[in-house]
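Have the viewer open while you read.

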Amino acid sequence: MRKRLEYIDKAKGILISLMVIGHIWQSGFVFQAIYAFHMPAFFAISGILMAYTESYRKPYLKFVKSRIFAYCIPFLVSELLGCLTDIVRNGVTLNWKGYLYNTLTFNFNDPNLWFLVNLFLIELLVTVLLKMRTGEKMLCGIAAVLFAVRYVLPTEVMYVSTITSAFKYFTCFVIGFVGRDLMQKDNKTALVIAASIVLGYAILGGRITLQIVRDIAYLVSGLSGTYVVLQIALRKWTHRLERFFVAAGKNTLIIYGTHHFYYATLGVLLSVQDFASTPILTGLIILFAVMLLEIPTIYVINQCFPFLAGKQSKKPQNY
């Protein structure tokens, strides 16, 4: 196994922290800036990790089993928490069949889980293509075709919208895989340009009316944001701050799967009716409380139930 890349963990820690902030305050410029890049960045970094670990070289069945273990169990656990979150916020509006239907049809009881499904599908597709000896140029060409194909598919058909979403982020994953070295090069001019693109999309992206143009702009903004986050992660911070974000990055799936239940429940307790208008002080209380709750959650899962987070043991994980 290859040694973990600490800066990748740090970058993932930054992104998952921004996700929690974006869910607590679902409006305003900060929210728009976060959503201008953070999801494409997750996929691009996953592409970088696949290139680094060369996980696609595993025997295909072994790879599929590892992905099922890594993603499907966390998915099911998070869906169960999604049911509980819905009950806490809205009361009992569905019976168990309704919640099961949501899971099986990818309507999701936890709305965040589209990411895990997309990542699972993308990693499988990329692995199949690489095992067919598809070169990097061809991989980029396929990504461009899939990005375009999604505009002619009937998204109202069950499961198709999930597939078209995967096609959209497949491009981010592939660019991360192919452009991994470029993403890590320190270039101050490129960093300023990338940050400016993200801020520009945060300000102007919502005014773009043509869907394909907006999607392309989002892709460019997302990849620019990926570069900014990686460059920030590659720089030296104070030891405590680094430890915090590295720990968050190593436990991204745990935070991803549990924070929705925590902030939604705290919102009910603090009478937050709509997270699009969360008061600053109330939001800070919720953010601090979620951070505190995640500490024992991460500890207990890693020590007692690592399989719930897709980990095969409680020992420190390499890639």
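**Overall fold**

Keep in mind that this is a predicted model. Along the principal axes, the C-alpha atoms fill a box of roughly 50 × 45 × 45 Å. How does the radius of gyration sit with a compact globule? For 319 residues such a globule would come out near 20 Å, and the protein has 19 Å, which agrees.

As for the inside, 50% of the 319 residues count as buried. Looking at contacts with a separation of 6 or more, 80% of them are accounted for by residues 24 or more positions apart.

| Pair | Axes come within | Crossing angle |
|---|---|---|
| H1 (residues 6–24) and H11 (residues 211–234) | 8 Å | roughly 125 degrees |
| H6 (residues 114–131) and H8 (residues 160–178) | 9 Å | roughly 60 degrees |

Start with H1 and H11, whose axes cross at roughly 125 degrees. That angle makes H1 oblique to H11, and the crossing is right-handed. On the H1 side, the residues that meet H11 are Tyr-7, Ile-8, Lys-10, Ala-11, Ile-14 and Leu-15. Their partners in H11 are Val-229, Leu-230, Ile-232, Ala-233 and Leu-234. Sorted by type, the residues of this contact give 10 nonpolar, no polar and 1 charged.

Now H6 and H8, with axes crossing at roughly 60 degrees. H6 is therefore oblique to H8, and H6 passes H8 in a right-handed crossing. H6 brings residues including Trp-114, Asn-118, Glu-123 and Leu-130 to the contact, while those from H8 include Thr-162, Ser-165, Tyr-169 and Phe-177. The residues of this contact split into 14 nonpolar, 3 polar and 1 charged.

**One residue up close**

Finally, zoom in on Thr-282, which lies in helix H14 (residues 280–304). Is Thr-282 buried or exposed? Its relative accessibility is 18%, and the cut-off for buried is under 20%, so Thr-282 counts as buried. Which residues does Thr-282 touch, leaving aside its neighbours within four places in sequence? Those contacts are with Leu-270 and Val-272.

Note on methods: Residues are numbered from 1 along each chain as its sequence is written. This is a predicted model: local features need pLDDT of at least 70, side-chain atom pairs count only at pLDDT 80 or more; totals for chains, interfaces and linings use all residues. Side-chain values use heavy atoms; hydrogens and water are left out. Helices (H or I, at least four residues) and strands (E, at least two) are DSSP runs, numbered from the N terminus. Buried means under 20% relative accessible area, exposed over 50%, partly exposed in between (1.4 Å probe, protein chains only). Contact means heavy atoms within 4.5 Å. Axes are lines fitted to C-alpha atoms, for helices over the stretch in contact, and angles run from 0 to 180 degrees between N-to-C directions. Angles under 35 degrees count as roughly parallel, over 145 as roughly antiparallel, 65 to 115 as roughly perpendicular and the rest as oblique. A crossing is left-handed if the near helix is turned anticlockwise from the far one by less than a right angle, and right-handed if clockwise. Ala, Val, Leu, Ile, Met, Phe, Trp, Tyr, Cys and Pro count as nonpolar, Asp, Glu, Lys and Arg as charged, and the others, Gly among them, as polar. The radius of gyration is taken over C-alpha atoms; the globule rule is 2.2 Å times the number of residues to the power 0.38.
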